[in-house]
Amino acid sequence: MHEGMQGTTAGYLWLIPFFPLLGAVLHGVFGGPVQRRWGKRPVALSACAVIFASFVLSVAAFLQLLQAEPRLLTDKLWTWFAAGDLQADFAFMVDPLTAVMILVVTGVSFLIHVYSTGYMGEDAGHYRYFAYLNLFVFAMLTLVMGDNLLMLFIGWEGVGLCSYLLIGFWFTDLQKAQAGMKAFIVNRIGDCGFLVGGFALFWALQRHEVATLNFANLRQVVGLLAGDRIFGVDLVTFVTLCFFIGATGKSAQIPLYVWLPDAMAGPTPVSALIHAATMVTAGVYMIGRLSFLYSMAPVTLTVVAVIGAVTALFAATIALVQNDIKKVLAYSTVSQLGTMFLGMGVAAYGAGIFHLMTHAFFKACLFLGAGSVIHAMHHEQDIRKMGGLRRFLPRTHWTFLLATCAIAGLPPLSGFFSKDEILWRAWSSPQGSPVLWAMGALGAGLTSFYMFRLFFSTFHGSCRADPQTQQHLHESPRSMTLPLVVLAVLAVIGGGVGIPAALGGGNRIEHFLAPVFETAAAPGAAAAAHGASAVAHGPEPLEYLLMAISVAIALAGFALARRFYVTDTTLPGKLAARAQGAYRMLYNKYWVDEIYQATVVAGIRAASRVFAFFDAYVVDGIVNGAGYLARAASWLGGAIDRTVVDGLVNGLGAAIRSGGSGVSRLQSGVIQNYVLVVFGGVIVIIVVMRFL
């Protein structure tokens, strides 16, 4: 926001994350007894109710924000801690960026909660599932509503924890439990980068005698960092690259994307939640929130754009030949996130957030649609064993088709506007280039092909399910199909808020978000700011031409998929046989997991064995040797104590006792003896005196 901007105190913002937290606590503590006594319905209803309450409050915050000037709502609950000049508040805020995020998070999450009441209705861990789901939403809302970097990090770690709990929800299955652990570990690698970036930023500010982690304050003082260096590298570049490492973990970008496809081990609504409304959007949001830093680091922006474009293309090629319906969607998410990072990397932050929003609609619809298919197919996920399902699942079929058209970028659906906006910026932005545009456009074309391949293989042609499965094929219950319908409608019309000027629209979402992405008055930021805040208008004929090419590519993808999987279904097999090497490479996902296993994992295991050996034979040897020496010294000391010290003391005691015993005999108590002694003594004295 603008420098020196003071927001309006709302007084209720804290309730938005509080309700999901309340649901998580109640379901975690009392859910089990309630479920055993009254069944699953009270748990499901209360879990949905808390998310709906958050959604209503989010709408209220959005409406209030539209009336506020400046567009910033705040709620400070308490001072978290104060150390020296640093003060961190436990405070929430809603600006245009946060408003978009909370509407997406609460709105889509509510629909996924409703869907889950049907999908997870038979699961014994019903209450535990909804406790985790509520907690997930709380963590994501904390992430996007916190007014400082520490609160963002709390949410950042919270979504990581919740993804681990939910991906490994069926933890008695070792493979599913391992998928949760994989997500947790890979994300910790990225989080290390985030922490290093945070510490470096705070250290640099301290050198300028500024201590703050508040976003608004950071925006005001970030100009002080211009020209600073660390390890011989521009400081802001270093900090933003470290933060981006964290983003590659959370948002599944190369090289830390490998956890996301395996995350399909969790329940399908969890996949929808992770892929559409929570976890994976965290990295995109973080770059948007810190856009004032990224705009000062053109090198980082280039890295973000290139990684995004390469990831979009790379993941799309893998999705071409996968046969697991959820795996195709998982690689699709990785690819779409790459497209978002391409937008953020060319400083088109508004376009990136716009695509995040539309992607949430159609990807949630696709995942929930896949869940409906899996539910009908008795947990079968291989699309080669499906086909012809449109007759049995009409509502799922039509909503899946609309979401597929949206993600493919067909006009006038939502994905067309958001994706085309990113592609146009990839070409026209000062940070963009025709190469980046070409990579994005090719990724979009591949997306259209593999998504229609998935659609045709699942819903068209003859049914390839076994006879027993075919007998029980039926549409999912209303609790599952109603969210599909709502999401499909949003996937169709959601792009209306971003219709570009070239098509007669006002691109309202970009203007709404523009105050957030206005860069600070920092030296060196001006060039990047041009791409961040201004609508990059090139020659209109070129924009129309690129738009036409984009549409043509999407249509080509559709036509090719229809020919391969509807018109002549023998073609894919022939093509795979003719290009076996390429097919195997794509089918095996470039063997990235195997390469990681052979290098990183094997290396860590080898290092662990070396450290274990060092610990067992060197560290333990030193410790045990010291123990042996201590015991020997103790034995020697004991021996000296027993034989020398005790011997002297005991000998002296024995001598005294012996002397005392002898002397004691003189005390016989017999008077005759005493007279005899006296007489003897007198004689001795006389003799002595006589002779001396």
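## Basis

The model is predicted: local features need pLDDT of at least 70 and side-chain atom pairs count only at pLDDT 80 or more, while totals for chains, interfaces and linings use all residues. Residues are numbered from 1 along each chain as its sequence is written, and side-chain values use heavy atoms, with hydrogens and water left out.

## Helices α1 and α4

Helix α1 (residues 15-38) and helix α4 (residues 126-145) have axes that come within 8 Å and cross at roughly 165 degrees. Helices here are DSSP runs (H or I, at least four residues), numbered from the N terminus. Axes are lines fitted to C-alpha atoms over the stretch in contact, with angles running from 0 to 180 degrees between N-to-C directions. The two helices are therefore roughly antiparallel (an angle over 145 degrees).

Residues in the contact (heavy atoms within 4.5 Å) include Gly23, Gly28, Gly31 and Gly32 of α1 and Phe130, Phe138 and Leu141 of α4. By class, the contact of α1 with α4 has 13 nonpolar, 9 polar and no charged residues. Ala, Val, Leu, Ile, Met, Phe, Trp, Tyr, Cys and Pro count as nonpolar, Asp, Glu, Lys and Arg as charged, and the others, Gly among them, as polar.

## Helices α16 and α18

The axes of α16 (residues 394-408) and α18 (residues 434-459) come within 9 Å, crossing at roughly 170 degrees, which makes α16 roughly antiparallel to α18. Among the contact residues are Phe400, Leu401 and Cys405 of α16 and Met451, Phe452 and Phe455 of α18. This contact divides into 11 nonpolar, 5 polar and no charged residues.

## Largest pocket

The largest pocket has a volume of about 1,200 Å³. A pocket is an open set of points on a 1 Å grid over the protein atoms alone, where a 1.4 Å probe fits, with protein on both sides within 12 Å along at least five of seven lines; lining residues have an atom within 4 Å of a point. The volume is the space filled by probe spheres set on the points, which are joined across faces, edges and corners.

Of the 40 lining residues, Gln175, Gln178, Ala179, Lys182 and Asp262 are the closest to the centre. Helix α6 gives the most, with 9 residues. The lining comprises 20 nonpolar, 9 polar and 11 charged residues.

## Backbone features

Most residues other than glycine have a negative phi, and most peptide bonds are trans. In the loop between α8 and α9, Ala252 has a positive phi of about 55 degrees. Pro255 lies in the loop between α8 and α9 and is joined to Ile254 by a cis peptide bond, with omega about 10 degrees. The bond from Pro411 to Pro412 is also cis, with omega near 0 degrees; Pro412 is in the loop between α16 and α17.

Methods
Parallel < 35°, antiparallel > 145°, perpendicular 65-115°, else oblique.
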